[in-house]
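Have the sequence and the 3D view open as you read.

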Amino acid sequence: MEYTQFIDGALTTNTNRESWVNYNPADNNPLGTVYQANEEDIEAAVASSQKAFQIWRTRTGAERGRVLVKTAEILRSRLEKIALLETQDVGKPLSESLVVDVSSAADALEYFGGMAATIHGDFVDLKNAFGYTRPEPLGICAGIGAWNYPIQIAAWKAAPALACGNSMIFKPSELTPATALELAQAFMDAGASPGLFNVVQGDGRVGAMLTAHPGIAKISLTGSVATGKKIFAGAASQLKKVTLELGGKSPLIVFEDADIPNAVSAALLANFYTQGEVCSNGTRVFVQRKIYDSFLSQLRERTERIKVGDPADTDTQMGALISKAHLEKVIGFIDAGKAAGATLLTGGIRPEKDFKGRDIRFGNFLTPTIFTDCEDAMEICKEEIFGPVLCILCFDSEEEVIARANDSAYGLAAGVFTNDIKRGHRVIHQIQAGTCWINNYNITPIELPFGGYKQSGLGRENSLAAIQQYTQLKSVYVELGNVDAPY
Ligand code: TXE
């Protein structure tokens with residue numbers, strides 16, 4: 001397989017570029033070669049995107065919406081193929097990619113496709129005059145993606161951008177080049193103009209080229225806080241608009257009156273789904289002292305039942321981490337946790353056989369890990385690990401847990417489990433986080449905004465809030481009388 005650029009409606013064939021091998025995390029066998037976009041590719045992508053933008057901006061919202069909805073239909077018709085590509089690229093179980101990744105991408109296209117015709121301004125009656133506003137497109141928007149949800153991230157950026165009349169150049173993570181190309185092809189098959197959604201491959205250097213390019217009006221990143229800060233700084237010289245969906249170390253708070261089986265389910269999903277490689281994960285699980293022992297015994301028992309193994313087997317519940325380097329990084333955090341005095345209750349093992357006895361020693365596998373005897377100041381409780389590592393912490397009072405939950409530079413997400421309706425809302429209103437759940441976790445319907453407070457990002461994806469991220473507002477005053485001048 002050759003992962004090249006997708007520019008002006010087709011895959012490019014020029015492969016005399018810097019390149020690297022793309023590996024399957026499940027066995028580290030090569031899947032193909034990725035070709036890094038060069039300056040020439042970036043210029044071609046910008047020229048093609050500009051041409052498409054000039055056509056697309058004249059389309060009505062209804063016309064734009066039809067293309068987005070058709071693209072969603074095409075993605076759904078190719079669900080099995082794209083889900084398998086995602087599983088091979090990311091290492092996530094097919095049982096996830098068949099249910100979440102492609103569907104969430106299609107949901108975004110349908111949601112913003114349906115909204116496109118309703119994007120309008122306001123009318124204001126004034127004294128002997130009137131005013132109106134126009135939400136206008138920005139131009140070429142660049143999307144830069146992370147490796148944990150490649151096609152979902154690409155669609156969560158492309159759908160609102162295109163619904164608002166922009167064109168997009170998207171750069172997937174250098175570790176997951178495959179499914180952005182599938183989305184590009186689906187747009188073409190849905191009747192989009194060539195260049196409306198271009199894909200360039202590459203690492204941070206290509207991302208930096210997109211950020212610096214004067215022909216690109218906006219950057220939308222999904223990635224780490226460190227990268228978000230680099231892009232924010234790079235965009236500053238041109239006051240370029242940015243949306244930043246970054247990392248987190250989010251609290252999941254379980255009060256003594258919570259439904260414990262449900263709270264345990266949420267803690268498992270918030271730490272081990274997609275091998276724990278989810279930015280909004282609730283990796284600091286705060287449990288009220290009275291139920292701590294019963295919660296922990298149920299959590300441990302169910303964690304040790306999780307089926308770790310071949311991601312391509314639909315019975316598998318947890319697959320392989322994205323790369324050897326990332327696996328080593330996560331193991332480094334586990335070693336640091338032990339050295340700091342936390343107790344490794346279960347997990348943290350590199351299994352040689354999976355739950356069906358298959359040899360998985362060549363893949364990036366790690367058994368789901370729980371640390372107890374944690375302290376808030378420990379590195380494993382402060383830093384984002386981005387792997388299957390759960391830190392459980394005990395608390396006594398509501399005031400105490402709110403203060404501890406907020407004691408973080410991050411502010412992406414938060415969850416609260418309680419059957420006291422007043423307490424649930426009272427607590428969640430005091431948590432400094434942008435994306436919150438009461439009695440569930442990590443449910444992200446397109447209808448709700450997704451994004452963080454503090455260093456977890458800027459702006460929002462999904463919901464009506466995304467429209468403001470991809471338009472600029474013009475106000476127009478219309479005089480019905482004369483100009484009243486004192487001169
Ligand atoms: O991020 P990286 P990764 C976060 C998650 C974790 C990280 C893991 O919390 O911290 O992403 O993903 C490009 N200029 N989220 O390792 O390294 C790079 O090529 C421009 C949060 O991929 O930051 C890649 O395409 N671009 C998220 C992208 O940035 C640059 C959900 C991200 O790379 C660049 C998923 C530069 N200087 C993961 N350097 C959320 N909040 O939704 C790198 N890139």
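Helices here are DSSP runs of at least four residues, numbered from the N terminus. A pocket is an open set of grid points with protein on both sides, and its lining residues have an atom within 4 Å of a point. The model is predicted.

## The second largest pocket

Start with helix H4. H4 gives 5 residues to the lining of the second largest pocket, the largest share. Helix H4 spans 94-115, and helix H5 spans 150-163; each supplies at least two residues of this lining.

The second largest pocket holds about 570 Å³ of space. It is lined by 26 residues, and the closest to its centre are Val100, Tyr149, Gln152, Asn442 and Thr444. By class, this lining has 15 nonpolar, 8 polar and 3 charged residues.

## The largest pocket

The volume of the largest pocket is about 900 Å³. Its lining counts 38 residues. Nearest its centre lie Trp147, Thr222, Gly223, Ser224 and Thr227. Two or more lining residues come from each of H7, S11, H8 and helix H11 (324-339). Which element gives the largest share of this lining? That is H8, with 6 residues.

The lining of the largest pocket divides into 16 nonpolar, 14 polar and 8 charged residues. What takes up this space? The ligand does: the space it takes is the largest pocket.

## The ligand and its shell

The elements that give two or more residues to the shell around the ligand are helix H7 (204-212), strand S11 (218-222) and helix H8 (225-236). The shell has 28 residues. Gly145, Ser224, Thr227, Leu246 and Glu384 are the closest. By class, the shell has 12 nonpolar, 10 polar and 6 charged residues.

Trp147 places a polar side-chain atom 2.8 Å from an oxygen atom of the ligand. The backbone also takes part. A backbone N or O atom of Leu246 lies 2.4 Å from a nitrogen atom of the ligand. For Glu245, a backbone N or O atom lies 3.3 Å from a nitrogen atom of the ligand. How much of the ligand does the protein bury? Taken alone, the ligand exposes 830 Å², and the protein buries 85% of that.

Rolling a probe the size of a water molecule over the atoms shows where empty space is left. Across the whole structure, the search finds 3 cavities of 30 Å³ or more.

The largest cavity holds about 60 Å³ of space. It is lined by 14 residues, with Pro251, Ala405, Tyr410, Gly411 and Gln432 the closest to its centre. Helix H13 (398-406) and strand S18 (410-411) each give at least two residues to this lining. The lining of the largest cavity has 7 nonpolar, 4 polar and 3 charged residues.

## The second largest cavity

About 50 Å³ is the volume of the second largest cavity. Its lining includes Gly248, Lys249, Gly276, Val278 and Cys279. Asn281, Thr283, Glu384, Ile385 and Phe386 also line it. By class, the lining has 4 nonpolar, 4 polar and 2 charged residues.

Definitions and conventions:
Residues are numbered from 1 along each chain as its sequence is written. This is a predicted model: local features need pLDDT of at least 70, side-chain atom pairs count only at pLDDT 80 or more; totals for chains, interfaces and linings use all residues. Side-chain values use heavy atoms; hydrogens and water are left out. A residue is near a molecule or strand if one of its heavy atoms lies within 4 Å of it. A polar contact is a pair of N or O atoms within 3.5 Å; within protein, one must be able to donate a hydrogen and the other to accept it, and residues adjacent in sequence count only if both atoms are side-chain atoms. Accessible areas come from the Shrake-Rupley method with a 1.4 Å probe; for residues, only the protein chains shown count as cover. On a 1 Å grid over the protein atoms alone, a cavity is a set of points where a 1.4 Å probe fits but cannot get out, and a pocket is an open set with protein on both sides within 12 Å along at least five of seven lines; lining residues have an atom within 4 Å of a point. A molecule sits in a cavity or pocket if more than half of its atoms lie within 2 Å of its grid points. Ala, Val, Leu, Ile, Met, Phe, Trp, Tyr, Cys and Pro count as nonpolar, Asp, Glu, Lys and Arg as charged, and the others, Gly among them, as polar. Grid points are joined across faces, edges and corners, and a volume is the space filled by probe spheres set on the points.
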